[in-house]
Amino acid sequence: QIRDYLGQPKWDSMFSFSFVRNPWDWQVSLYHFIQTNKFNFQRRMISEMSFDEYIRWRVDEDVHLQRDFVFDRHGTQLVDFVGKLENLATDFKIVCDRIGVPAQLGHENASAHDAWRKYYTDTTAALIEEAYRPDIETFGYSFE
């Protein structure tokens, strides 16, 4: 939408970037964030769900692919650089160097939880793999 609003020449003259996250890790973090954020609109709905129930709900009712924010409907990458949360410090430095801004990255909205792999059963891991396959393949993620 921003590219369409600005026009292609203006869009092309600017540096654009996005950050993505491992879908399995993302869902653990999102589950805990929703559970603890009293202002989140989904909190009431999932507050009584176990993690397994949450994953089943997520993949059946509310899948949002990161790929859809990074590529247009024709498969063209919309941004100049895609960083990964798993490489956040390094990739954030790449962005800052490119735009000429010396910055330090803080950490907001952290949720306390175990390592993300501990939350999954074979079944729930497979559900995420199927539902988020476009993100997994596009950005090179795996459960391992």
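Trainee: Which members of the largest nonpolar core touch the most other members?

Mentor: A nonpolar core is a set of buried Ala, Val, Leu, Ile, Met, Phe, Trp, Tyr and Cys residues joined through side-chain atoms within 4.5 Å. Buried means under 20% relative accessible area, exposed over 50%, and partly exposed in between (1.4 Å probe, protein chains only). Here the largest core holds 26 residues, and those touching the most other members are W24, I46, F51, Y54, I55, Y120 and I128. The elements contributing two or more residues to this core are α3, α5, α8 and α9. The model is predicted: local features need pLDDT of at least 70 and side-chain atom pairs count only at pLDDT 80 or more, whereas totals for chains, interfaces and linings use all residues. Residues are numbered from 1 along each chain as its sequence is written, and side-chain values use heavy atoms, with hydrogens and water left out.

Trainee: What is the pattern of secondary structure along the sequence?

Mentor: Helices (H or I, at least four residues) and strands (E, at least two) are DSSP runs, numbered from the N terminus. The protein has nine helices and two strands, arranged along the sequence as α-α-β-α-α-α-α-β-α-α-α. Its C-alpha trace spans about 50 × 35 × 35 Å along the principal axes. Of its 144 residues, 37% count as buried.

Trainee: Why is α3 described as largely enclosed?

Mentor: Eleven of its 14 residues are buried, so the rest of the structure largely encloses this helix. Among the buried residues are P23, W24, D25, V28, L30 and I34. Contact means heavy atoms within 4.5 Å. The buried residues of α3 pack against α4 (43–46), α5 (51–61), α8 (122–131) and α9 (133–139).

Trainee: Which residues does V28 touch?

Mentor: V28 lies in helix α3 and counts as buried because its relative accessibility is 0%. Setting aside residues up to four places away in sequence, V28 touches F51, H113, W116, Y119 and Y120. V28 and H113 are 85 residues apart along the chain, yet 8.2 Å separates their C-alpha atoms. For the whole protein, 70% of the contacts with a separation of 6 or more join residues 24 or more positions apart.

Trainee: Which residues of α5 are buried?

Mentor: In α5, the buried residues are F51, Y54, I55, W57, R58 and V59. Their cover includes α3, α4 and α8. Leaving aside neighbours within four places in sequence, I55 is in contact with Q27, Y120, T124, L127 and I128.

Trainee: Which end of α3 does N22 cap?

Mentor: A polar contact is a pair of N or O atoms within 3.5 Å; within protein, one must be able to donate a hydrogen and the other to accept it, and residues adjacent in sequence count only if both atoms are side-chain atoms. N22 caps the N-terminal end of α3, with a side-chain oxygen 2.8 Å from the backbone nitrogen of W24. N22 belongs to the loop between β1 (17–20) and α3, and its 6% relative accessibility is why N22 counts as buried. Beyond residues up to four places away in sequence, N22 touches E86, W116, Y141 and S142.

Trainee: In which sense do β1 and β2 pair?

Mentor: Two strands pair if DSSP finds at least two bridges between them. Strand β1 pairs with β2 (residues 81–84) in the parallel sense over four bridges, and V20 stands opposite K84 in β2.

Trainee: How many salt bridges does the structure hold?

Mentor: A salt bridge is a side-chain nitrogen of Lys or Arg within 4 Å of a carboxyl oxygen of Asp or Glu. The structure holds five. One of them joins R58 and D62 at 2.3 Å, N to O, and both residues are buried. D25 and R21 meet at 3.4 Å, N to O, and this pair is likewise buried. R3 and D4 meet at 3.9 Å, N to O; D4 counts as exposed because its relative accessibility is 61%. R3, D4 and D72 are linked in a network of salt bridges.
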